[in-house]
Amino acid sequence: MSAEILTERLFEALIEGNRDQARRVIDEQRKAGADPEVVLTDLCWPTYELIETMHRQDRLTTLAYNLATRMLRSLVDQASRELLAWAGSARTGRTVFACCGPSEGSELGAQMAVDLLEARGFRVRFAGGAVPTDEVQETVQTTRPDVLLMFCSEPRDLPEIRRLIDTLHEVGACPHTQIAVGGGVFNRADGLAEEIGADLWATHPLEMVEILLDDTETRATPDQRTVGQIRPRLNRAA
């Protein structure tokens, strides 16, 4: 069965609140041989994007949106547990501190991204949404992660992300920490991630994983910055 048909079936079950049917769709893909990463990236993620698009276009009621996102999060939780068991214990040695916007959609999308990163060997701390900007900045300056990942699906979250990036650059905090962004708002506005000063960005969580893995393997020095759809290294002091 095609990925599009599976996505449509899962979407319909979710917005109707048919939890048994939603589980059956996932189980069918598992029985067909899909590993947990494929379940997340090829079924849960496109279904999530469809739900968010329909909601943004006012084509879903609040009830349908809530039914869908709550159940999908439960399915993602289960797939993520299986993913971590399936992936093994290999580690890249790199650390990621991740946060996102306060909406349910932002948290759900970010969760899939950080679960995939953890499964690929990154040490991840995920704070979720609605964390004050000054607390994020303090955490970054204190813990000095290799990557600060901010996931944003709503335009209203952009001003705080931009302010945080500007502040980190202005004070010269954590020069070796790369700033990565992802989420629907960046997919819908070409060049936005680069405009606000991000070092890395991606349109899909698996793409973010691959970009960070490639960067881990190819960077020559700890402070060498690469960019996800890919920008030349920036001179922060300029």
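Mentor: The account below begins with the sheet and then turns to the helices.

This is a predicted model, in which local features need pLDDT of at least 70 and side-chain atom pairs count only at pLDDT 80 or more, while totals for chains, interfaces and linings use all residues. Residues are numbered from 1 along each chain as its sequence is written, and side-chain values use heavy atoms, with hydrogens and water left out.

The sheet is open and has 5 strands in the order 2-1-3-4-5, with parallel pairing. Helices (H or I, at least four residues) and strands (E, at least two) are DSSP runs numbered from the N terminus, and two strands pair if DSSP finds at least two bridges between them. Strand 2 (123-129) and strand 5 (200-202) form the edges, each pairing on one side only. On average, neighbouring strands of the sheet are turned by 20° against each other, direction ignored. Angles run from 0 to 180 degrees between N-to-C directions, and axes are lines fitted to C-alpha atoms, for helices over the stretch in contact. Strand 1 (residues 95-100) runs parallel to strand 2 and is joined to strand 2 by 5 bridges. Val96 stands opposite Val124 in strand 2.

Helix 5 (residues 104-119) packs on the sheet, where helix 5 touches strand 1, strand 2 and strand 3 (147-151), and its direction makes about 175° with that of strand 2. Contact here means heavy atoms within 4.5 Å. Helix 6 (residues 133-143) also packs on the sheet and touches strand 1, strand 2 and strand 3; the direction of helix 6 makes about 180° with that of strand 1.

Helix 4 (residues 62-87) and helix 5 have axes that come within 10 Å and cross at roughly 5°. Helix 4 and helix 5 are therefore roughly parallel to each other, a term for angles under 35 degrees, with over 145 counted as roughly antiparallel, 65 to 115 as roughly perpendicular and the rest as oblique. Among the residues in this contact are Tyr65, Leu72 and Val76 of helix 4 and Leu108, Met112 and Leu116 of helix 5. The contact of helix 4 with helix 5 divides into 10 nonpolar, 4 polar and 7 charged residues. In this division, Ala, Val, Leu, Ile, Met, Phe, Trp, Tyr, Cys and Pro count as nonpolar, Asp, Glu, Lys and Arg as charged, and the others, Gly among them, as polar.

Helix 6 packs against helix 7 (residues 158-170) at an angle of about 35°, with the axes 10 Å apart. The residues of the contact of helix 6 with helix 7 comprise 4 nonpolar, 3 polar and 2 charged.
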